[in-house]
Amino acid sequence: MKGIVLGVGLSLASSAVVAQGQQGDPKATEQWSPAVPVVTPGAFAGWAAPADAIVLFDGKGLDRWTAVKTGGAAGWTVADGAVTVKKGTGNIQTRQSFGSYQLHLEYRVPANITGEGQARGNSGLFLASTGPGDDGYEFQIMDSYNNPTYVNGQLGSIYKQTPPLANPARRPGEWQTIDVTWEAPRFGADGAVTRPAFVTGYVNGVLVQDHTEVRGGTVYIGKPSYKPHGKAPIKLQDHGDPSQPISFRNIWVRELPERE
């Protein structure tokens, strides 16, 4: 997700790490065991948007998205019904902000993907973007097909917090699905958390997060914590690793009522 190792003792951190001025050892928050069981998913089953959904990407354009760096037009590449990360342009996020919601997206890791660990087909779904760079709460997207990494950083994890219940990754080159229910956190007038965020997530129809409590915003180094915010955009990550970029299609969201 956030950093890739370039050599002995040399690490390339993401823009979020630099922006947040984090100090310390990122390996201190990596969890490598127990291993996540591999589950072969069933046949591909993409879902068309239901009648009450907001279609965030229909294969034709990125009008509903903006570049996080500039606030201007999203600069990723749209072709053949999919949007592909344009490396180096930065993250993109929705122009609209959301509270709690149900989200569907489909993604594809290139068949010719190279690299290993976190430097292989890496991206991320930020369930709420709370600031620049990688600020927010990340549901990890990466190539976890025969590609070992720390378990709280593999596909379907709440990054650097909670490993997935299963690894249902398909082979690179195949379209895959992610379905998430996001229950946004709540804050009191003093900024204190009155209810943490919760995530339920499925990858390729397999449950990977079961009403998982989120312990705060995603950080690469150190422990997560909350900062108060209201409704927030949904963000997709342009990760800094050198592997071939991944693609997305059929992205839609259904706003949900806030629970008491």
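The model is predicted, so local features need pLDDT of at least 70 and side-chain atom pairs count only at pLDDT 80 or more, while totals for chains, interfaces and linings use all residues. Residues are numbered from 1 along each chain as its sequence is written, and side-chain values use heavy atoms, with hydrogens and water left out.

The secondary structure comes to 1 helix and 17 strands. These elements are DSSP runs numbered from the N terminus: helices are H or I with at least four residues, strands E with at least two. The C-alpha trace spans about 45 × 45 × 35 Å along its principal axes.

Buried residues make up 54% of the 260 residues. Buried means under 20% relative accessible area (1.4 Å probe, protein chains only). Contacts are heavy atoms within 4.5 Å. Of the contacts with a separation of 6 or more, 70% join residues 24 or more positions apart.

An open sheet holds 5 strands in the order β4-β7-β16-β9-β10, with antiparallel pairing. Its edge strands are β4 (65-67) and β10, and each pairs on one side only. Two strands pair if DSSP finds at least two bridges between them. β9 and β10 are joined in the antiparallel sense over 5 bridges. Ser123 has Ile141 in β10 as its bridge partner.

β14 also runs antiparallel to β15 (residues 206-213), again with 5 bridges. Gly201 has Gln209 of β15 as its bridge partner. The hairpin of these strands has 2 residues between them, and Asn204 takes a positive phi near 55°.

The largest nonpolar core has 44 residues. Such a core is a set of buried Ala, Val, Leu, Ile, Met, Phe, Trp, Tyr and Cys residues joined through side-chain atoms within 4.5 Å. Leu125, Phe139, Trp182 and Phe248 touch the most other members. Elements that give two or more residues include β9 (123-129), β10 (136-141) and β17 (247-255). β8 gives the largest share, 4 residues. Leaving aside neighbours within four places in sequence, Phe248 is in contact with residues including Phe57, Trp76, Leu105, Trp175 and Leu236. Ser123 and Ile141 are also among the contacts of Phe248.

How values were computed. Buried means under 20% relative accessible area, exposed over 50%, partly exposed in between (1.4 Å probe, protein chains only).
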